[in-house]
Amino acid sequence: MFKLNENYLKLPGSYLFSTIGKKVNAYSAAHPDKKVIRLGIGDVTQPLAPVIVEAMHKAVDEMGKAETFHGYAPELGYEFLRNAIAENDYKARGCSITADEIFISDGAKCDSSNIQEIFSLDNRIAVCDPVYPVYVDSNVMAGRTGTYNKEQETWSDVIYMPCTADNDFTPELPEEVPDLIYLCFPNNPTGSAITKARLQEWVDYANKVGAVILYDAAYEAYISEADVPHSIYECEGARTCAIELRSFSKNAGFTGVRLGFTVIPKELKCGETMLHSLWARRHGTKYNGAPYIVQRAGEAVYSQEGREQLKEQVAYYMKNASYIYNGLKEAGYTVSGGVNAPYIWLKTPKGMSGWEFFDYLLEQANVVGTPGSGFGPNGEGYFRLTAFGTYENTVEAVNRIKALRM
Ligand SMILES: *Cc1c(COP(=O)(O)O)cnc(C)c1O
């Protein structure tokens, strides 16, 4: 008789977005005349930029002719894309990352959850609290997190690094020494960023204690401030301690197209073994790569036209972000984020819990956001709004919230 991977049964169940969906559906059914505006989900809404659509059409035509047909992609991804990434994302920023250290994939969610399997099960992970849930849950599935404490909503073998107003929503170096450190900046859900000087402290720390930093830079394109690094490899010494995860989802609207990449410098070693070799082995065995058509679309992101069109797309969302940020501030809310990230993190008013404020906002303003507690215990008392809606809806939502006069 077969048995299950019991680790899956330990997962507390992610009720966050299903609960939100149920509440919104129930409200809409009871009030069909109300227009509900959703600023809850972390998905983009703008269509693909013209230059990307063009590149995809061209690639589709190539696939339809024997002379230009492409079968399986090379294991690490096509050279044209890896070269464009190495040149534009790294060399242009002074980072020494070469094309053969870049692994093309179908997104950063899979990479950030799969990467843990090249590490020993007795490695200790450290995560921010609040956090993008994928990092923790993928380690739960692997059996690396110990037992779950229902009251505290924490795992016994995970090191939690609180990100609160007191530390500007960037973690302090942990007291207990971790083996794997998950960092995501600019951050989902808090919208906070980390300065190069602060990130350098993390790189120095990881090199000192022999830890690996798994650096999720999915929101790199939203950075507007000069002292915020776009890549962890801008820090000295990162080549011996950091893996970087990137995605085309948020900078180019590829959430439905699917494309991302992971960088593993060849100097990142455990004894004599390069982590690069292990990840290459994993790619070769378990993965057949992102589609040719999509990799061509990714290449177009780096063209002159692509960069211009996408700059506009990011600016569109960031205009929403500043509208939300300024509007809520004027209304007396305590807000952060929204400057280097498309997320606004606000303190719930009058000591309301995240869910109380969720219900209040849904019923009084017909606006949907996300309770911070869904991302970890330190998210309680906070609320996330996203800038990924249309400008018109964003303006209307903010004006409705302002009219509430909390
Ligand atoms: C959206 C997001 C990603 C991107 O995931 P994809 O699988 O590439 O779409 C990665 N990390 C974080 C924290 C995100 O919010």
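These legends describe close-up views of a predicted model.

**View 1. The overall fold of the predicted protein.**
The protein contains 13 helices and 17 strands. Its C-alpha trace spans about 60 × 55 × 50 Å along the principal axes. A compact globule of 406 residues would have a radius of gyration near 22 Å, and the protein has 21 Å, so the value agrees.

**View 2. Helix α3 packed with helix α11.**
Two packed helices are described by the angle between their axes and the distance between the axes. Here α3 covers residues 50-63 and α11 covers residues 304-330. The angle is about 135°, and the axes lie 8 Å apart. That angle makes α3 oblique to α11.

**View 3. Residues at the contact of α3 with α11.**
From α3 come Pro50, Val51 and Ile52. They meet Glu305, Gly306, Gln309 and Leu310 of α11. By class, this contact has 4 nonpolar, 2 polar and 1 charged residues.

**View 4. The second largest pocket.**
This pocket holds about 570 Å³ of space. Its lining consists of 24 residues. Closest to the pocket centre are Arg93, Glu220, Ala221, Asn251 and Arg307.

**View 5. Elements and residue classes in the lining of the second largest pocket.**
Three elements, α4 (79-90), β9 (242-247) and α11, each give two or more residues to the lining. Helix α11 gives the most, with 6 residues. By class, the lining divides into 13 nonpolar, 5 polar and 6 charged residues.

Terms used. Residues are numbered from 1 along each chain as its sequence is written. This is a predicted model: local features need pLDDT of at least 70, side-chain atom pairs count only at pLDDT 80 or more; totals for chains, interfaces and linings use all residues. Side-chain values use heavy atoms; hydrogens and water are left out. Axes are lines fitted to C-alpha atoms, for helices over the stretch in contact, and angles run from 0 to 180 degrees between N-to-C directions. Helices (H or I, at least four residues) and strands (E, at least two) are DSSP runs, numbered from the N terminus. Angles under 35 degrees count as roughly parallel, over 145 as roughly antiparallel, 65 to 115 as roughly perpendicular and the rest as oblique. Contact means heavy atoms within 4.5 Å. Ala, Val, Leu, Ile, Met, Phe, Trp, Tyr, Cys and Pro count as nonpolar, Asp, Glu, Lys and Arg as charged, and the others, Gly among them, as polar. On a 1 Å grid over the protein atoms alone, a cavity is a set of points where a 1.4 Å probe fits but cannot get out, and a pocket is an open set with protein on both sides within 12 Å along at least five of seven lines; lining residues have an atom within 4 Å of a point. Grid points are joined across faces, edges and corners, and a volume is the space filled by probe spheres set on the points. The radius of gyration is taken over C-alpha atoms; the globule rule is 2.2 Å times the number of residues to the power 0.38.
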